[in-house]
Amino acid sequence: MSRIITMRGFLTSSIGAPSAGAPSLAVCSIGVPCAAALALALAPPASAAPAAAAPGAADAAVPGSTRSLPLVPLSGERVLGTAPEQGVYRPEGEHFSLVGVVWRDPGSELRGRVQVRTRSAATGEWSGWQDLDTHNDDHGADPGTAERDARRVRGATAPLWVGEADGVDVRVRADPTGAGGGRTDARGDRTGEPRPPLPSGLRLELVDPGDEAPPAGAPADPPHTGLDTAAAREASAANTDVTRFGALQIPELGRRATERELTRLRGPVRGKPHIGPRPRIVTRRGWGADESLRQRGFVYAKKVKAAFVHHTASGNKYACSQAPSVIRSIYRYHVTSMGWRDMGYNFLVDKCGTIYEGRAGGAAKAVLGAHTAGFNSDTMGIGVIGTYGSAKPSKAAVTAVARLTAWKLGLYGVNPRGKTYLTSAGGNLYPKGKKVRLNVISGHRDGYATECPGKRLYAKLGKARSSAAHYQGR
């Protein structure tokens, strides 16, 4: 059973249930503050507290924004109150780097094609037409959970990174072969219910990630202007079992230091500990997360039994120096545009092999994500930034996946080359309650009928499994 936790600012408890002498945890309902726990969460230990921010810094506006534009009919024809072709054209005056299309009902499918072209803010030239992946409902919280059923949740395409742009043209066209074909249920069977050509409430989301975050090797103090908030301190406190409060990164450790940390976090391990050396991980503070966007508190599962590997389907046209901006954009799209409580992935990996903390709650902890609908409990989701249907993932990215899983799965005594049983919470591949035997390191498509993580990345998962096992000393 998942738990919603408000963390104390000096959290150093072990993974799972607190050990004797560990600080207590306050369990709170979403949106209902526990006053005492919140007060404690805002007070980091004196030895780890960051330097005071300049007057007014905490009240400054956090960079980044989302602009939402309604799509309009592009022809006079209407079907069941919607037009079969919709779009919007803004040739100038906008400022964004990532685009996506959302709609009102997350249960409605967009059966058709979404294309976008953008104008470069640097050159003024228009790009060619690019397709947005419309099959994005396979990501998200498990069916029947508070996060999935929240009224703010919307249907959405995958986001697309386009770089700095100031003009946009988007076209959404219904699939002419699907009109009136009926919806499908969780098993993929036709329900016979009439389906409009396009879902209602289509909107174009233009996401500006804001200014670049400082490099991960830079000092953590003074804090980012506008990012030194109670929520930011809460997110930093969740990582104080593996790094100092306010750090921009969780530093790399050698094997022996990692084994000592494992003993500290989990207690004595029988026999030889099988855990990969802890890799360097850029924290949310390091990539510049605006913690005021997400819901407060964290939700945990009991353990981490498996890892699902994804691609973000956001395109490959980014430089590694832009990865923090891409992540801030995806985060804002997941929360502000799609209505999730936080970033869906637990971790992200860029093409240069840098690992980033995703959903807040502690990199070493069993944070419940929203990445593989039906199989979020007791798993972690790793989003490799890019689209890997036809493009080959970099060796550095595959190695980073192996190093991350060797460490994180090792914290829970799991063999990356093994298999495990997971119970489906419902989806289009396995019905609710079905016990499924899956690889410990699986692709998204293993738990849900989807193209994710792309056939070229999926083909590299065998290499990731063997490398992760090697890093664990197996």
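1. Cysteine 352 is partly exposed in this predicted model. Its relative accessibility is 47%. The cut-off for exposed is over 50% and for buried under 20%, so cysteine 352 falls in between.

2. Cysteine 452 is buried. Its relative accessible area is 3%. That value is under the 20% cut-off, which means the buried label applies.

3. Which cysteines form a disulfide? Cysteine 320 and cysteine 352 do. Their sulfur atoms lie 2.0 Å apart. The cut-off is within 2.5 Å, so the pair qualifies. The count for the model is 1 disulfide.

4. The link of cysteine 320 and cysteine 352 is right-handed, with 90 degrees about the S-S bond. The pair joins distant parts of the chain, 32 residues apart. Cysteine 320 sits in the loop between β15 (306–311) and α6 (323–337). Cysteine 352 sits in the loop between β16 (347–349) and β17 (355–357).

5. Now the helix pair. Two packed helices are described by the angle between their axes and the distance between the axes. For α4 (residues 255–266) and α7 (residues 395–411), the angle is about 35 degrees. The axes of α4 and α7 are 10 Å apart. The crossing of α4 past α7 is right-handed.

6. Which residues of α4 meet α7? On the α4 side they are Thr258, Glu261, Leu262, Leu265 and Arg266. Their partners in α7 are Trp407, Gly410 and Leu411. By class, the residues of this contact are 4 nonpolar, 2 polar and 2 charged.

Definitions and conventions
Residues are numbered from 1 along each chain as its sequence is written. This is a predicted model: local features need pLDDT of at least 70, side-chain atom pairs count only at pLDDT 80 or more; totals for chains, interfaces and linings use all residues. Side-chain values use heavy atoms; hydrogens and water are left out. Helices (H or I, at least four residues) and strands (E, at least two) are DSSP runs, numbered from the N terminus. Buried means under 20% relative accessible area, exposed over 50%, partly exposed in between (1.4 Å probe, protein chains only). Axes are lines fitted to C-alpha atoms, for helices over the stretch in contact, and angles run from 0 to 180 degrees between N-to-C directions. A crossing is left-handed if the near helix is turned anticlockwise from the far one by less than a right angle, and right-handed if clockwise. Contact means heavy atoms within 4.5 Å. Ala, Val, Leu, Ile, Met, Phe, Trp, Tyr, Cys and Pro count as nonpolar, Asp, Glu, Lys and Arg as charged, and the others, Gly among them, as polar.
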